[in-house]
Every structure is written in structure tokens, then in C-alpha cells.
Amino acid sequence: MVGIVIVSHSKKVADGLYELADQMTGGKIKIGKSGGTKDGRLGTNVDEIVEEIKKCESGDGVLILVDLGSSVMSAQMALEFLDEEYAGKVEIADAPLVEGTIAASVEASIGSDILKVKAVAEAAKNLVKI
Amino acid sequence: MILTTNDVLNIISNISEVIEANKQYLTDLDAAIGDADHGINLDRGFKAVKEKMPQFSDKDIGTILKNVGMVLVSTVGGASGPLYGTFFMRMGNAVSGKSTIDDNEIVAMFEAGLSGIKERGKAQAGDKTMIDAIEPALNELKKSLEDGLKFNEALNIAVNASYNGVEMTKKIAARRGRASYLGDRSIGHQDPGATSAYLMIKTAAEYMDKLQ
């Protein structure tokens, strides 16, 4: 199954969103999270993102969900740092973090492929709430 | 102009000191239009660079610059981490394996660094970013060298162009980064990223000027 990696500037956001997504999918898929810097500040951490991607890749690929600014750039750098074996298997979704993560996690949990999971995450942009 | 491995290490060390001295100034600029962490973040990054420098100071210039970039990427935490990280890593790639670099290589290295930042941030001149301090400096450096000026004269002109680039950021609205959420309200504020880039360029130029 496709793995999901949550990248936020805030550890609390990443932890909380992980909790939500994990409950929605009943632990069926691998969900990684990286929030804040190594020394506990707000910010992003490329090394941790690389580690989380490796942990969540079980053969079907990994979709990364990001919040803003440096989380996008750090995720892109993480992709560059990964070995050849991950080439073409890891994607970054252009999606809202919370809605996109939940939608992607549920889609991944029913066994969809990485492109379908990514498309569903990105479609969350158009979600009408009210 | 010839720069040795030792010169490059000295320039990086000087940049670390200048960033530390301007930590609060850069953070205050960022407080107006960003998330008030630019100076603090960069200072942490360059402190880590200084700490780790002994591990790579015996290597060639390319490897040193690549390592500086890697340390910045993994310690800064904000957008300036991947941006300056890419800048130094690309500069390192441009002078891979070299233990001395000449005028042309310095220009080529700077050019590679700038294009790295542009790709990483998907930004261009006029977006109110560090590019507004770097690109004019590079353009003026190249133009002055083509006109036959000496390297230190060309550097002087480049530093002035970089300063003018920073001043120009006060007049325009941000189109990238956190400040872009402010739109026209960012007009009137000096861009912190352009300011840190100018400080780095000025520091490197001052060091090179003393070598001549």
C-alpha cells in the first residue's frame, strides 16, 4: 500500500494530523510525520523527512503532504537526497494539508496506486465544506 | 584573483560572524513581513556550519561548499535553509575537486548558486526575495569584467548593485514566501532574505578586496 508522509512546520500539527489519519485508516497504512526542526523549533527538517519516507515505503510508493513554504522546499530536497531506488515512487501532493492527508490516507487504505492517491489528495482543494 | 581552500574557509567564517552580528536586525526585518525568524534561523545554521567545519576543512573547495550547503539545509529550519543550502551546494558542484579557483571560476560558481536558488524557490528578480540582491550583483560583476575592469573594482560595483537591489525591495510587493500573503501591505518593507544575501556578498567581497 501507498505510504503517506505528513510534513508541517509544527510538530503538534504533524502529530495531531497523524492521529486523525491513523484513526481514519485503522492503522492499515504506513503514515510518517515530520514537524518542526531537530532542536524543537517551528520549521522543517530535511533529514527527518528522508527517514520518514524510507520508513513508509513498502514498494508501492509514498505521497508527501506539506503545509507551506519551507515544507515544500524541504520535501523537494528530501526527494533529491533519496537513492535511485526511490526514483519515481515518491510524490509531493499540491493539496491542503489536513483535508489532503485524510483523503489520501483513506484512498491509500483501499489499495489505490500512488497516482490515484495523489489525485484524490489534490482534489481536496475543491472540497466544499459549507 | 585566486582563492584557495583557506580563503574560502575564511570567507565562510566571516559570513558566520556577520550573520551573528546581524541576527536581530534580520529578524526585525522579518517580523514586519514574515515570521520573525530569518536572523535566528540563519544564525543557527551558520553556527552549525562553524561547529562542523573541522570535519571538512581539509577537503577541496567544492566539497567544502557542498558540506556548508548540507549543514544549512538540515539545521536552518525555515525556507532560507533549502534556499541557501541549494545556493552553496550548487556553488560547490561548480568547483568540484578544485583547491584553488580563479576569476572565471568564481563567476561561474556564483552563477550556478543563483540558478539553484531560482529553481528551488521558483522565483525571479522582482519577487522581493534574496534574488533581488544576488542577481544584480552577478550581472554587474560580469558586465564590469567584460568591460575590462579589475576584479576588485568589478566586485565593488557588484556590491553596490546588490545594495541597490535590497533598497529596491522596499518599493515592491512580495510574490513569494510568507510575505506574499500580505500582498501590497508588504510594500515599504525591506526584504530580509535580500538583506542577508547582500550581507554575505559584501562580506565575501571585502575579504577578496584585501587579497589584492
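Biologist: Is B:Ser74 buried or exposed in this model?

Modeller: In this predicted model, B:Ser74 belongs to helix H4, residues 61-75 of chain B. The cut-off for a buried residue is under 20% relative accessible area, and because B:Ser74 has 12% relative accessibility, it counts as buried.

Biologist: Which residues does B:Ser74 touch, leaving aside those up to four places away in sequence?

Modeller: Within chain B, the C-alpha atom of B:Ser74 is separated by 8.2 Å from that of B:Gly45, a residue 29 places away along the chain. A contact requires heavy atoms within 4.5 Å, and with residues up to four places away in sequence not counted, those that B:Ser74 touches are A:Lys38 and A:Asp47.

Biologist: Which residues of chain B lose the most area to chain A?

Modeller: The contact takes 17 residues from chain A and 19 residues from chain B, and the two chains bury about 1400 Å² between them, with 55% of that area on carbon and sulfur atoms. On the chain B side, three residues together account for 36% of what that side buries, and those losing the most area are B:Ser74, B:Gly77 and B:Arg120.

Biologist: What pattern of helices and strands does chain A follow along its sequence?

Modeller: The secondary structure of chain A consists of five helices and four strands. Read along the sequence, these elements follow the pattern β-α-β-α-β-α-β-α-α.

Biologist: Why can chain A be called as compact as a globular protein of its length?

Modeller: The C-alpha trace of chain A spans about 35 × 35 × 25 Å along its principal axes, and buried residues make up 51% of its 130 residues. Among contacts between residues at least 6 apart in sequence, 78% join residues at least 24 apart. The globule rule gives 14 Å for 130 residues, so chain A is as compact as a globular protein of that length, its radius of gyration being 13 Å.

Biologist: How far apart do the centres of the positive and negative side chains of chain A lie?

Modeller: Chain A exposes about 6100 Å², of which carbon and sulfur atoms supply 54%. Its charged side chains comprise 14 positive and 21 negative ones, and the centres of these two sets are separated by 4 Å.

Biologist: How does B:Lys170 count at its relative accessibility, buried, partly exposed or exposed?

Modeller: B:Lys170 is placed in the loop between helix H8 (151-168) and helix H9 (192-211) of chain B, where it touches residues including B:Lys128 and B:Ile187. B:Lys170 and B:Asp191 are 21 residues apart in sequence and 6.9 Å apart from C-alpha to C-alpha. With a relative accessibility of 29%, B:Lys170 counts as partly exposed.

Note on methods
Residues numbered from 1 in each chain as written. Chains lettered and ligands numbered in written order. Predicted model: local features only at pLDDT ≥ 70, side-chain atom pairs only at ≥ 80, totals over all residues. Heavy atoms only, no water. Helix = DSSP H or I, 4+ residues; strand = E, 2+ residues; numbered from the N terminus. Rg over C-alpha atoms; globule rule 2.2 N^0.38 Å. Buried < 20%, exposed > 50% of the residue type's maximum accessible area, 1.4 Å probe, protein only. Areas by Shrake-Rupley, 256 points an atom, 1.4 Å probe, with all protein chains shown as cover. Lys, Arg positive; Asp, Glu negative; His and termini not counted. Charge placed at Lys NZ, Arg CZ, Asp CG, Glu CD. Buried area = accessible area lost by both parts, 1.4 Å probe.
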